[in-house]
Amino acid sequence: MQDHFENIQRIADTTTLPHAMHYLSCRIADDLDLSHLTDRLMKGKGQPNSLSSSEKLELWDRLKILSFTRMVVSIWAVTVLSLYIRVQVNILGRHLYIDTARGLGSSHLLGDADLIERDDQQKYLGSADFLANYGLPKLISNMQMAATEVLKVKRLRDSFNTAVLHQTIMQILDMFHSMGSPHHWVESLIPEDPRLRKLATTSGSYNTNSPGFTQFDQLMVETREVLSSAEFGSVVEISLKAVVNALVEEKGFQSGGGNLTSGMPLARLLPRIAQICPSVVDEPSKNKFIQIIQGVPEVGLFFTLLYANMSTS
């Protein structure tokens, strides 16, 4: 079982996650492109009369909000998507291992198992693209609202050092998570199926004997239950803090003329944020933040217990 568990983790790292991260990074770059703001500001610098003072202030304010929005969306997305994909492959891997152990399949990888057909496996793993395909606009909108609220007291001349940047990022994340109902952010990761809601019993469990309840449905129900658990929420929180801790120590922030160690005006920090953002959602083989998440002890323990189908409390 240990060998199979390790194989499952490798599948997540080398196959499922790279595809999902590439797609997600492209969508974030497109949906939170800042070039239209920076181009107008550069044009205004070269042609002083092309922008009024109020227009410049408005552009800088939008650049401030969207720069932090892109950074924090990237932090949240890379953290939660990498954890979500690992939830998927562990749930699927556990099912396939049990099927194989019962003599119902012949492969110890994500191969042929009678109880979970290949089409359902592929459909299930393909749901990792839901965030990039459908969940990202709402995530960006909510994160932008949180950033706007936190940054409304931050002026462009205000000095930012490592501690202030760290505090600001965490405040935006905390405000985002406090919006709406508990675990509202799960809806950005996984679709809510009204059909499954109808199959739910009054106790909150599902009628798995219903003719409309498929193998894919079973996998999605289990996944939603894990994502909505207090244990997973705790792992997300710990992982986000680890990523933010590492991010504010990046060379792009700490080196060069003026840096976060000694402090710099917010206006000078914004270009550095723009430069660093792509590295946060870089491909897994080059992504230090994904490696940091994987190295968090609580993350390793959570998935060991999830695979074994034990309580994670």
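A: In this predicted model, helix α9 (residues 230-247) packs against helix α13 (residues 297-307) at an angle of about 155°, and their axes lie 9 Å apart. With angles over 145 degrees counted as roughly antiparallel, α9 and α13 are therefore roughly antiparallel to each other. The crossing in which α9 passes α13 is left-handed. On the α9 side, the contact uses Glu 231, Phe 232, Val 235, Ile 238 and Ser 239, while α13 brings Glu 298, Val 299 and Phe 302. Sorted by class, the contact of α9 with α13 has five nonpolar residues, one polar residue and two charged ones.

Helix α5 (residues 130-151) and α6 meet at an angle of about 125°, with 8 Å between their axes. That angle makes α5 oblique to α6. The crossing of α5 and α6 is right-handed. From α5, the residues making the contact are Leu 139, Asn 142, Met 143, Ala 146, Ala 147, Glu 149, Val 150 and Leu 151; from α6 they are Thr 168, Gln 171, Ile 172, Leu 173, Met 175 and Phe 176. The residues of this contact of α5 with α6 split into ten nonpolar, three polar and one charged.

The other packing joins helix α4 (residues 118-126) to α8, at an angle of about 35° and with axes 9 Å apart. α4 and α8 have a right-handed crossing. Here Asp 120, Lys 123 and Tyr 124 in α4 touch Gln 215, Phe 216, Leu 219, Met 220 and Thr 223 in α8. By class, the contact of α4 with α8 divides into four nonpolar, two polar and two charged residues.

Side chains of opposite charge can pair when their charged atoms come close. A search of the whole structure turns up eight salt bridges, and three of them are worth a visit here: Glu 187 with Arg 224, Arg 27 with Asp 31, and Glu 283 with Lys 286.

In the pair formed by Glu 187 and Arg 224, the closest N and O atoms are 3.1 Å apart. This pair links distant parts of the chain: Glu 187 sits in the loop between α6 (162-178) and α7 (194-199), Arg 224 in helix α8 (residues 215-227), and 37 residues separate them. Which of the two is buried and which partly exposed? Glu 187 has a relative accessible area of 29% and is partly exposed, whereas Arg 224, at 18%, counts as buried; the cut-off for buried is under 20%. Setting aside neighbours within four places in sequence, Glu 187 is in contact with Phe 130, Glu 192 and Arg 224. Phe 130 is 57 residues away from Glu 187 along the chain, yet their C-alpha atoms are separated by 9.6 Å.

Arg 27 and Asp 31 form a salt bridge whose closest N and O atoms are 2.8 Å apart. Because they are four residues apart in helix α1 (residues 2-31), about one helical turn separates Arg 27 from Asp 31. Arg 27 is buried, at 18% relative accessible area, while Asp 31 is partly exposed at 35%.

For Glu 283 and Lys 286, the side chains meet in a salt bridge with an N to O distance of 3.8 Å. Glu 283 is partly exposed, with a relative accessible area of 40%, and Lys 286 is exposed at 59%.

While we are on α1, have a look at Thr 16, which belongs to that helix. Thr 16 counts as buried, with 11% relative accessibility. Thr 16 and Gln 88 lie 72 residues apart in sequence, but 9.7 Å apart in space from C-alpha to C-alpha.

Finally, stepping back to the whole protein: there are 13 helices and two strands. Of its 313 residues, 49% are buried. Among the contacts between residues at least 6 apart in sequence, 75% join residues at least 24 apart. The bridge from Glu 187 to Arg 224, whose residues are 37 apart, is an example of a link between distant parts of the chain.

Technical notes: Residues numbered from 1 in each chain as written. Predicted model: local features only at pLDDT ≥ 70, side-chain atom pairs only at ≥ 80, totals over all residues. Heavy atoms only, no water. Salt bridge = Lys/Arg side-chain N within 4 Å of Asp/Glu carboxyl O. Buried < 20%, exposed > 50% of the residue type's maximum accessible area, 1.4 Å probe, protein only. Axes fitted to C-alpha atoms, helices over the stretch in contact; angles between N-to-C directions. Parallel < 35°, antiparallel > 145°, perpendicular 65-115°, else oblique. Left-handed = near helix turned anticlockwise from the far one by under 90°. Contact = heavy atoms within 4.5 Å. Nonpolar A, V, L, I, M, F, W, Y, C, P; charged D, E, K, R; others polar.
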